[in-house]
Amino acid sequence: MKARFALLAVSAAIAAIGSTAAIAQTKEQFFPVLSYRTGAYAPNGIPFAKGYVDYLKLLNARDGGINGVKITFEECETEYATNKGVECYERLKGKGPTGAAVLHTLSTGITYAVTDKTFTDKIPIITAGYGRADSVDGTVFGYNFPLGGTYWDAADMLVQHIGKKEGGLDKLKGKKIALVYHDSPYGKEPIALLEERKKMHGYDLLLLPVTHPGVEQKATWLQIRQQRPDYVFLWGWGVMNSTSIKEAVSTGYPREKMYGVWWSGAEPDVTPAGEGAKGYSSLVFLAPAGQGQVHKDVIKYVYDKGQGTGKKEDIGEVLYNRGLTAALLSVEGVRKAQVKYGKKPLKGEEVRWGLENLHIDDAAIKKLGFAGFMTPVSTSCVNHAGEAQATIHSWDGKKWNVQPGVLRADNSIIKPMIRASAEKYAAEKKVTKRDCAKEAG
């Protein structure tokens, strides 16, 4: 009899533990983390991943998660390869009590491959500053969020910038612009906008694709030496960027005439070229280099407790800061959705509502500790990106210096392009467009 009661007591205890564990799990919000810490693009992927993960750790350590809901996450290595990215997506999408809340694909190729899946899986993907330009249209791409801007925005900003330098966009007639681009969906994205602007302003466009991973560019820069373009736009990633700058030095092409997209303007892109990179510029959006209040909090609550993902000296680099802001966008999407659905773990479909109703203004940015390291983001059911804006920062041989003035894309040009491309996608994929006004009502 005693043995029977003992067995019952043990069974009850195990059941209680299991029940407690289940309750604890239901208060967790799961975030998949696609990253690439290995392979040809690791020098750029590592600092981004550090920033992203450190911010999630900060929220747990400082705030206890998101309104009492603990953040859990799991990294999956993609090596920036589309097939591995899709495998990671499939592996992680169903984890946690409610499945994946939101996911950053961190690759335009992965974005293209996963987009079709989001309609069924109902998991929002954030492609902050990359991905499909047409996915701004939330009536078609219901789960894509290119927050902060697209490659069409970036290309438009660069054309406007050099037009201003020349004394007006009309002065670009007869000029020659070379696009040195990663031969992938990422690198090809800006071409449509550059071709549209070419029709308007009469410049010549030289398209120079660079094969993955981008270490062999002798032939590319031989063409630049022969063609002598007035400007070079660099649309690279990883080792391709530093190789391009070193080749520019070797061929004598002035770095002052080179402008990179925002993924071609971080410390790993310029430091390998040494003094030769001096004068090179790129766009910067969301987060420049440097440290502010959020970095102090990361050091205090994460690194000083031995929980940091990297080294303290890494904190504040461009791509580290980009990772911080990317994580913030994920978290704020969930936090906003909790206003409607409650302070509990949410499904991806619920988080979509939060991402469609973001209003992160300057006051909110300051409160979050990101003053000086993030631009405002406001979205809607129709507009999944918000207003794109960026600045130019230039490398002085030791650090990045943000130049005065804010660049904004010309929506009178870009919106019709987005509409036409989104309509084409909807027709090809038989996507039923959303009625945002009806949903709001």
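Mentor: Grid points are joined across faces, edges and corners, and a volume is the space filled by probe spheres set on the points. Also, this is a predicted model, where local features need pLDDT of at least 70, side-chain atom pairs count only at pLDDT 80 or more, and totals for chains, interfaces and linings use all residues. Residues are numbered from 1 along each chain as its sequence is written, and side-chain values use heavy atoms, with hydrogens and water left out.

Trainee: OK, how many cavities of 30 Å³ or more come out?
Mentor: Three cavities of 30 Å³ or more.

Trainee: What lines the largest cavity?
Mentor: Its lining includes Tyr-36, Gly-45, Phe-48, Tyr-80, Tyr-130, Trp-237 and Trp-263. By class there are nine nonpolar, three polar and no charged residues. Here Ala, Val, Leu, Ile, Met, Phe, Trp, Tyr, Cys and Pro count as nonpolar, Asp, Glu, Lys and Arg as charged, and the others, Gly among them, as polar.

Trainee: And which residues line the second largest cavity?
Mentor: Among them are Pro-32, Val-33, Leu-34, Ala-49, Tyr-52 and His-104. Strand β1 (28–35) and helix α2 (42–63) each supply at least two lining residues; helices (H or I, at least four residues) and strands (E, at least two) are DSSP runs, numbered from the N terminus. That lining splits into eight nonpolar, three polar and no charged residues.

Trainee: Switching to open space, how big is the largest pocket?
Mentor: About 400 Å³. It has 18 lining residues, with Val-136, Asn-383, Asn-411, Lys-415 and Ile-418 nearest its centre. Helix α15 (residues 411–429) gives the largest share of that lining, six residues.

Trainee: Now the sulfurs. How many disulfides are there?
Mentor: Two, where a disulfide is a pair of cysteine sulfur atoms within 2.5 Å. One joins Cys-76 and Cys-88, sulfurs 2.1 Å apart. The torsion about that S-S bond is about -75°, so the Cys-76 and Cys-88 link is left-handed. Cys-76 sits in strand β2 (residues 70–77) and Cys-88 in helix α3 (residues 82–92), so the pair ties together parts twelve residues apart in sequence.

Trainee: What about the other one, buried or exposed?
Mentor: Cys-381 and Cys-436 are both buried, meaning under 20% relative accessible area, with exposed over 50% and partly exposed in between (1.4 Å probe, protein chains only). Their sulfurs are 2.0 Å apart, and with -70° about the S-S bond this link is left-handed. Cys-381 is in the loop between β12 (377–378) and β13 (389–395), Cys-436 is in helix α16 (residues 436–440), and 55 residues separate them.

Notes. 1 Å grid on protein atoms, 1.4 Å probe; cavity = no way out; pocket = protein on both sides within 12 Å on 5 of 7 lines; lining within 4 Å.
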